[in-house]
Amino acid sequence: MKPSESTDQSVGFRDVFAVAEYRRLWSATVISELGDQLARVAVVILVYQRTSSAWLTALSYAISYLPAIMGGSLLAVLADRYPRRNVMVSADLLRAILVLLLAIPAMPLVVLYLLLFAVQALESPARAARAAILPQMLAGERYTVGVAAYHVTNQFTYVAGFLVGGLVVVATGPRLAFAIDAATFLVSALIVARLGAYAPAEPERAAKGPRLRDRVRTITARPRLRWLAMLAMLAAFSMTPLALAVPYGRQIGLDEDLSSLLMAAIPAGYVAGTFVLTRRVRPQARPRLLGPMALASFLPLMGAALVPPLPVMLALLVVCGALTAYQVVANAEFVALVPTSSEVARSASSRPP
C-alpha cells in the first residue's frame, strides 16, 4: 500500500482523518481500547463483589498491566512475521472469545486472572501491527500527526473508559459488561478486516530475522534500555491505586459507579501531565526529568495510604497521574534506542553459538 502524500507542510488532524484507511484503523483502535477499559473495571468490581478483599482486587488490576511489562515485546514480533491485518483481526477475535469466558459464573479466581492476562497480552501484537502499518498508510508530517492523534485518543479513552465503564458495570452487572466488551472486539475486527493488505517483510527475510532470545539479549545488554524498562515497571506500580478505588469508595460510603470517578483520576492527570511535558518543556530537558518524575510519582501515594477525604484523594491521584506522564518521553526514547531487526541479527551472527 502506498502511503498518502501531502505537499502541504502545515498538516493538521483534519488532513490525517481525511485518509479513509487511517479513519478505519483509528476507529477500530478506539473501540477496542474502550473495551479494554470496560473489562478492567468489570473484573475489579466482580472480584471485589466476590471476595470483599482489597488485595485480591488490587491484584486483578495489576495483572491487566503485567503483559506490557513482562513480555509484550515478545508477542509483538508476530507483526513482523505475518500480515499485519491478519494479526490485528486474529487478536481481536481471540480477545472476544476470552472475554466471553470471563463471564462464566463461579469462574475460579486463578482462571479469571489467567484469562485477563491473556486478553491483555494479545494487545501487544495488535499494537505492534498498527504501529507498523501507520508509516505505510501516512507519509511525512501526516505520519507524525497521525501518531500524535493516537496518543491523545489513547489517554482520553482511558478516562472515558473508567468513567463510563463504572456506570455500565453497575447498570448491567459485570458479566453483561463482559459481553459488551466482547462485542467491541468483534466490531473492531470487522473494521480492521476492511483495511488493505499490509504485508510484513518477505518470508525469507523474516525467517532469517533474529530469534526472540537474541532480541532480548541485545536489548538487555544496553544500560539505558534497562533503565527505561525499570521506569516502565515503576509506572505500573504507580497505577495500582486504581485497583483500590472500589474498596476505598466502599469504605467512605461511595457507590460503585462513583468509585469509577477515582479510577479516572490518574488517567486524567496523565493527560494533563503529558500536555505540559510535551508542550511546555524543552525537548533537551525532558530526559533529565525522567528519574525525578518517576520517584516523585510515589509521593502522592504515601498521602493516599492515609485514606484521606474524597477531594484530597482525587487531588493526590491526579498529581500522581501527571507525574507518571514521564512515560511519554521514556517510551519515545526506548523506541528510538531499540535496535532494528537487522542490527539484532548482525549482533547474533557475530556471537559464538
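Predicted model: local features only at pLDDT ≥ 70, side-chain atom pairs only at ≥ 80, totals over all residues.
Me: Why is α7 called roughly parallel to α8?
Reply: Helix α7 (residues 109-121) and helix α8 (residues 123-137) pack at an angle of about 10 degrees, and their axes are 5 Å apart. Angles under 35 degrees count as roughly parallel, so α7 is described as roughly parallel to α8.

Me: Which residues make the contact of α7 with α8?
Reply: Helix α7 contributes V119, Q120 and A121, while α8 contributes E123, S124 and P125. By class, these residues divide into 3 nonpolar, 2 polar and 1 charged.

Me: What makes α2 roughly antiparallel to α10?
Reply: The axes of α2 and helix α10 (residues 174-192) cross at roughly 165 degrees and come within 8 Å. Angles over 145 degrees count as roughly antiparallel; therefore α2 is roughly antiparallel to α10. The crossing of α2 past α10 is left-handed. In this contact there are 16 nonpolar, 6 polar and 4 charged residues.

Me: How do you know whether S52 is buried or exposed?
Reply: The relative accessible area of S52 is 55%. Exposed means over 50%, so S52 is exposed. S52 is placed in the loop between α2 (20-51) and α3 (54-63).

Me: Why is V307 called partly exposed?
Reply: V307 has a relative accessible area of 35%. Buried means under 20% and exposed over 50%, with partly exposed in between; therefore V307 is partly exposed. V307 lies in the loop between α18 (299-304) and α19 (310-323), and its phi, near 55 degrees, is a positive value in a residue other than glycine.

Me: Which residues have the most contacts inside the largest nonpolar core?
Reply: They are L112, F162, V169, F178 and M263, in a core of 43 residues. Helix α2 gives the most to this core, with 8 residues. Another core lies apart from it, with 20 residues, among them V16, A129, I133 and L138.

Me: What does L112 touch, not counting residues up to four places away in sequence?
Reply: On that basis, L112 touches V43, V47, L102 and M107. Contact here means heavy atoms within 4.5 Å.

Definitions and conventions
Residues numbered from 1 in each chain as written. Heavy atoms only, no water. Axes fitted to C-alpha atoms, helices over the stretch in contact; angles between N-to-C directions. Helix = DSSP H or I, 4+ residues; strand = E, 2+ residues; numbered from the N terminus. Parallel < 35°, antiparallel > 145°, perpendicular 65-115°, else oblique. Nonpolar A, V, L, I, M, F, W, Y, C, P; charged D, E, K, R; others polar. Buried < 20%, exposed > 50% of the residue type's maximum accessible area, 1.4 Å probe, protein only. Core = buried A, V, L, I, M, F, W, Y, C linked by side-chain atoms within 4.5 Å. Left-handed = near helix turned anticlockwise from the far one by under 90°.
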